[in-house]
Amino acid sequence: GVFSFTTGLEVFIFAMQLLDDTYHLHLSVGINFFVGQGGTVVWGNIMAMAVLIVVPALIIFLFLQRYMVAGLTAGAVKS
């Protein structure tokens with residue numbers, strides 16, 4: 001979990017610094033732009049963007065779950 005967090009944070013900071021064109025931003029960096037007038041946070045838009053980021057990965061995981069479990073358990077069983 002720690003490795004994944006630091007890798008994700010590294011990608012976020014790297015993309016935030018190097019990409020200046022808003023059309024080519026990473027999705028996690030794009031969430032930063034949902035700040036309204038006066039620094040207010042638009043939570044509805046942030047949550048909608050978070051769902052759009054998570055849903056494709058969740059769908060892929062649900063379809064490939066049986067293969068992932070089979071691969072994980074195949075190495076643990078001695079024949």
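Of the 79 residues in the protein chain, 8% are buried, where buried denotes under 20% relative accessible area, exposed over 50%, and partly exposed in between, computed with a 1.4 Å probe on protein chains only. The accessible area of the protein chain comes to about 6800 Å², of which carbon and sulfur atoms supply 72%, as given by the Shrake-Rupley method with a 1.4 Å probe, in which, for residues, only the protein chains shown count as cover.

The structure is a predicted model, in which local features need pLDDT of at least 70 and side-chain atom pairs count only at pLDDT 80 or more, whereas totals for chains, interfaces and linings use all residues. Residues are numbered from 1 along each chain as its sequence is written, and side-chain values use heavy atoms, with hydrogens and water left out. The pLDDT, the predictor's confidence in each residue on a scale from 0 to 100, averages 80 over the protein chain, and 95% of the residues score at least 70. Confidence is lowest in helix α1 (residues 2-18), with a mean of 77, and highest in α3, with 85.

The protein chain contains three helices and zero strands, these being DSSP runs numbered from the N terminus (helices H or I, at least four residues; strands E, at least two). The C-alpha atoms occupy a box of roughly 65 × 25 × 20 Å along the principal axes.
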